[in-house]
Amino acid sequence: MSRTVLIADDHPLFRQALRLAVEGVMADARIVEAGTLEDAERAALATDGLSLILLDLRMPGAIGCSGVALLHACRPATPILVVSSADPDGAFRAALDFGAVGYLGKDQPLHVMEQAIADAVAGHVATFTDSTNPRQDMAERIASLAPMQLRVLLGVIDGKLNKQIAHDLGINEATVKAHMTVVMRKLGVANRTQATAAMRAFGAGLDPIA
């Protein structure tokens, strides 16, 4: 039975490079591609037997490591290998906090990409010892959010009103309020402002760039 891999990156040429790397490790793999975080979430939820997710940290629609947290919430049993041009140390620490199993720089040669993919599929999880990491507790709290709760929180961070968030997500305002109540409880905050601050804290230094 062939395995399925989701490649989520907004650059078509780099998706092609990742496809080559995947095929070098799993010649029979079925590959699903996504160019936005929304498409990646949709594909993750709709694809059965997903063996691996290759995720660009700078996907459109992502704030910091929200893409990692969101796809991990969608598919907690599927390894996520983050692929990024961001600062390796900061991005590596943050990505692992939110459910990734490894980190791959976009400037790496093909054979390094293939090895990282092979390790992720084999179940190897990278480690990064940092006992002073102040984000760890909040990272665990954010990682506990369900996909829809994360999407509502991202809408709040964007400064959208409940009515706008409801329209974007195809739900009613009462449901938005209910999700935010759960979000605030899980994050241990008292209001939307504190929730936004907490979410931005986990993405500090990792705001979307080219």
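## Charged pairs and nonpolar cores

K160 and D168 form a salt bridge, with their closest N and O atoms 2.7 Å apart. A salt bridge here is a side-chain nitrogen of Lys or Arg within 4 Å of a carboxyl oxygen of Asp or Glu. Before going on, note that this is a predicted model, in which local features need pLDDT of at least 70 and side-chain atom pairs count only at pLDDT 80 or more, while totals for chains, interfaces and linings use all residues. Residues are numbered from 1 along each chain as its sequence is written, and side-chain values use heavy atoms, leaving out hydrogens and water.

How many salt bridges does a search of the whole structure find? The search finds nine.

| Salt bridge | N to O distance |
|---|---|
| K160 and D168 | 2.7 Å |
| D9 and K106 | 3.0 Å |
| E33 and R19 | 3.0 Å |

Let us take D9 and K106, whose side chains meet in a salt bridge. D9 sits in the loop between β1 (4-8) and α1 (12-25), and K106 in the loop between β5 (102-105) and α5 (110-121), so this pair ties together parts that are 97 residues apart in sequence. Helices (H or I, at least four residues) and strands (E, at least two) are DSSP runs, numbered from the N terminus.

Are these two partners buried or exposed? D9 is buried, at 0% relative accessibility, whereas K106 is partly exposed at 21%. Buried means under 20% relative accessible area, exposed over 50%, and partly exposed in between (1.4 Å probe, protein chains only).

Next come E33 and R19, another salt bridge. E33 lies in strand β2 (residues 30-34) and R19 in helix α1, 14 residues apart. E33 is partly exposed at 35%, and R19 is partly exposed at 27%. Both belong to a network of salt bridges that links R15, R19, E23 and E33.

Now for the nonpolar side. In soluble globular proteins, nonpolar side chains tend to be buried together. A nonpolar core is a set of buried Ala, Val, Leu, Ile, Met, Phe, Trp, Tyr and Cys residues joined through side-chain atoms within 4.5 Å. The largest one has 52 residues, and L6, L55, V68, V82, I142, L153 and L187 touch the most other members. Helix α7 (residues 147-157) gives this core its largest share, six residues. Apart from this core lies another, of 19 residues, among them A29, I31, L54 and L81.
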